[in-house]
Amino acid sequence: EQVGMDGFLVKPISLDTLAAAVNQAVTGRPVTSDLATKAKTHESAASDQPAESSENENGEFVLARAFENAPDWSALLGMMNDNERLLKDVLSLLAREAPKLGKTFRESVNSGQLTSARRAVHTLKSNVRHVGLTRVAAYAEQLEYLARDEQVDELTEAAKSISAITNAVADWSEAMLAEHS
């Protein structure tokens with residue numbers, strides 16, 4: 001509201017949170033139902049957790065650390081408001097799209113198209129954040145800032161390893177699906 005917004009919903013948006021926001025907009029009174037509270041709790045849980053570093057002392061991303069704090073199936077299910085079908089769809093999409101985003105980032109950096117590189121890591125950041133991969137999200141956010149600031153040398157180094165990271169995200173997603181098929 002301080003920046004001119006009347007309301008803000010964090011993705012993924014649950015039906016309960018959306019209903020509460022619409023009700024508040026129409027009536028001017030906030031909804032305090034158990035479902036709306038539960039939905040807000042799930043939404044804020046992922047965004048309020050500080051991202052631990054997955055970098056070594058030289059500031060390089062260490063893939064082995066990236067999944068140390070990854071959520072288990074139960075936590076993932078909670079993030080999706082206990083909707084197993086949605087969780088499976090999200091993980092399937094992540095498994096398919098993460099490698100494509102890595103490829104787009106690498107090719108964009110190598111061809112000097114930093115806006116496209118920034119867009120790819122922004123999307124990656126959002127996608128992995130929604131499934132609680134906070135360390136990968138933090139790294140993607142760093143890459144996004146580097147692209148914004150046109151730090152070509154750092155981006156060129158990152159582009160060399162981005163496929164390993166995005167492929168690991170895909171592998172993690174597929175493993176979660178395989179364990180719960």
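Let's start in the middle of the protein: its largest nonpolar core holds 37 residues, and those with the most contacts inside it are Leu91, Phe105, Val128, Val131, Val136 and Trp172. A nonpolar core here is a set of buried Ala, Val, Leu, Ile, Met, Phe, Trp, Tyr and Cys residues joined through side-chain atoms within 4.5 Å. The elements giving two or more residues to this core are α3 (73–79), α4 (84–110), α5, α6 and α7 (152–179). The largest share, nine residues, comes from α7.

Before going further, a word on what you are looking at. This is a predicted model, in which local features need pLDDT of at least 70 and side-chain atom pairs count only at pLDDT 80 or more, while totals for chains, interfaces and linings use all residues. Residues are numbered from 1 along each chain as its sequence is written, and side-chain values use heavy atoms, with hydrogens and water left out.

Now step back to the whole chain. The protein chain has seven helices and zero strands, giving the pattern α-α-α-α-α-α-α along the sequence. Helices (H or I, at least four residues) and strands (E, at least two) are DSSP runs, numbered from the N terminus. Of the 181 residues, 34% count as buried; buried means under 20% relative accessible area, exposed over 50%, and partly exposed in between (1.4 Å probe, protein chains only). The accessible surface of the chain comes to about 10,600 Å², and 50% of that belongs to carbon and sulfur atoms; these areas come from the Shrake-Rupley method with a 1.4 Å probe, and for residues only the protein chains shown count as cover. Among contacts (heavy atoms within 4.5 Å) with a separation of 6 or more, residues 24 or more positions apart account for 63%.

Leaving aside neighbours within four places in sequence, Val131 is in contact with Pro71, Leu76, Met79, Met80, Val90, Leu91, Leu94 and Trp172.

α5 and α6 pack at an angle of about 160°, with their axes 8 Å apart. That makes α5 roughly antiparallel to α6, the term for angles over 145 degrees, whereas those under 35 count as roughly parallel, 65 to 115 as roughly perpendicular and the rest as oblique. The axes are lines fitted to C-alpha atoms, for helices over the stretch in contact, and the angles run from 0 to 180 degrees between N-to-C directions. Where the two helices meet, α5 contributes residues including Leu124 and Lys125, and α6 contributes residues including Ala140 and Glu144.

Leu124 is found in helix α5 (residues 114–129) and counts as buried because its relative accessible area is 3%. Beyond residues up to four places away in sequence, Leu124 touches Ala98, Leu101, Ala140 and Thr166. The C-alpha atoms of Leu124 and Leu101 are separated by 6.6 Å, although the two are 23 residues apart along the chain. Glu144 counts as buried because its relative accessibility is 8%. With the nearby sequence positions again set aside (up to four places), Glu144 touches Arg118, Val121, His122 and Lys125.

Finally, visit Ala158 in helix α7. Ala158 is buried, with a relative accessible area of 6%, and it touches Phe105, Tyr139 and Leu143, not counting residues up to four places away in sequence.
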